[in-house]
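This report walks through one protein model, from single residues to the whole chain. Keep the sequence and the 3D view open while reading.

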Amino acid sequence: MFRRFLTGSRIICRGLFLSKTNGPGDLNRAASMEGEAISTLCTPALVVDVDKVKRNAQRMIERCQNLGVQLRPHMKTHKTLECADIMTGGSRRCIVVSTLAEACFYADHGFDDILYAYSLSFDKVERCAALSERLDLFQVLLDHPDALDQLKKRPLKDGRLWHVWLKLDCGNGRAGVLHSDPEALRLAQAIAKTEGVELTGVYAHCGNSYNCRGVEQIQAVAQETTDLTLQFMEKLKAVGITCKSSIGSTPSCNHPVKDMGRLSEVHPGNYGFYDVQQSVIGSCTLDDVAVRVLTRVIGHCPHRNQLLIDCGWTGISLDGAGKLPTGYAVIEGHPNLKLLSMTQEHGRVEPMSGQLDYSKYPLGSLLTLIPYHSCASAAMHPVYYVHSEGRLVGKWTPTRGW
């Protein structure tokens, strides 16, 4: 059960000490909770099953080894050192990040061969230069000639090169120069011939695999993205340019096609945690999902046939727009319950049919939410509580910001 009590001048909430005498927001770490059940945590809390994370990571490592392709795991979902160690097999090399905050965080903790896979923003050139001059290998990504001009204006010290990946749009419809646009080849040639700059690779994200349902559709997207990337590599080869190639998304890398073995790298990220979205796509099973958000019943609303819980959108996010049959999440072990809506700190839960039996959901009772999108849910939490078979083994603290 939920425990909260007064002791001296402090209110103790299991997992956190909140001092009444310190300034606002001053959180002091609690004594170790290792070995305690996750049910002792204050809610809402994001919990991570470390055994599932390790299993998911090992499967991806083996899948890439069997393909003969380099795995460059993306850090954007978890943004922690511990999960990064698991996903890189302890090498602390060859990772992808989506923010400079992540890049600096990992660089500060001994990681190298970091690819900042986000279209270069001009306000971040100097910070990218500092990382390029500091690390053995820091790489940037661009999709516009104006971004290349910015690199020309900021040559690196000591004869170092800017290591640049060209972002290619192979059907995802987000960032990147369109693969069929003649400008893509012209930009690649411009990068390759620019003094102080190296065209390191061509990078494509098959995010359109998130629109798929089932392995056949996922592999169709993976095949198309692979084909278009390899065709572009042939265009480069025809003009005397050789460099790496990389595509990625968790669905496409979970169900790879044979031709992906002809690529240099793949860069999935969500697979460490997975989520309900991945299970709906056919990328994983619900049992593979390593994260949950714990919440407690804080209200009975019989006039609405609803429960009130202490997890609002700040605890799990609004991603998914409530389009699951079970609303914004899957409520584990309660297939008839639906997370109907959320405000900032409250969630409304109702049955999908029939009347609630409130005796089954007393105030303070625990419910377990499987997030629709773990990247978004994880971003809501300053700490992840890590467990093995329901017993706490530690905490992971993610980096935040941009």
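## A residue in a strand

Val349 sits in strand β19, which covers residues 347–351. Strands here are DSSP runs of E with at least two residues, helices are runs of H or I with at least four residues, and both are numbered from the N terminus. The model is a predicted one, in which local features need pLDDT of at least 70 and side-chain atom pairs count only at pLDDT 80 or more, while totals for chains, interfaces and linings use all residues. Residues are numbered from 1 along each chain as its sequence is written, and side-chain values use heavy atoms, with hydrogens and water left out.

Is Val349 buried or exposed? Its relative accessibility is 0%, so Val349 counts as buried. The cut-offs are under 20% relative accessible area for buried, over 50% for exposed, and in between for partly exposed (1.4 Å probe, protein chains only). Leaving out residues up to four places away in sequence, Val349 touches several others, among them Asn305, Ile331, Leu337 and Leu356; contact means heavy atoms within 4.5 Å. Leu337 is twelve residues from Val349 along the chain, and their C-alpha atoms are separated by 6.6 Å.

## Strand β21 and its partners

Strand β21 spans residues 384–388, and four of its five residues are buried, so the strand is largely enclosed by the rest of the structure. Two strands count as paired if DSSP finds at least two bridges between them. β21 pairs with strand β5 (residues 45–49) in the parallel sense over three bridges, and Val48 stands opposite Val386 of β21.

The pairing of β21 with strand β22 (residues 391–396) is antiparallel and has five bridges. Here Tyr384 stands opposite Trp396 in β22. Two residues lie between the strands of this hairpin, in which Glu389 takes a positive phi near 55°.

## Residues in loops

Gly272 is found in the loop between β14 (265–266) and α9 (276–281). With a relative accessibility of 1%, Gly272 counts as buried. Which residues does Gly272 contact, leaving aside its neighbours within four places in sequence? They are Val53, Asn56, Met87 and Ala290. Ala220 is 52 residues from Gly272 along the chain, and 23 Å separates their C-alpha atoms.

The loop between α2 (81–87) and β7 (93–97) holds Arg92. Arg92 is not a glycine, yet has a positive phi of about 55°; at 24% relative accessibility, Arg92 counts as partly exposed. Ser317 likewise has a positive phi, near 85°, without being a glycine. Ser317 lies in the loop between α10 (313–316) and β17 (329–331) and is buried, with a relative accessible area of 6%. Another loop, between β4 (27–29) and β5, contains Pro44. The peptide bond joining Thr43 and Pro44 is cis, with omega about 0°.

## The whole chain

The protein has eleven helices and 22 strands. Of its 402 residues, 55% count as buried. Among contacts with a separation of 6 or more, 65% are made by residues 24 or more positions apart.

Along its principal axes, the C-alpha trace spans about 75 × 50 × 35 Å. A compact globule of 402 residues would have a radius of gyration near 21 Å, and the 23 Å of this protein agrees with that. The radius is taken over C-alpha atoms, and the globule rule is 2.2 Å times the number of residues to the power 0.38.
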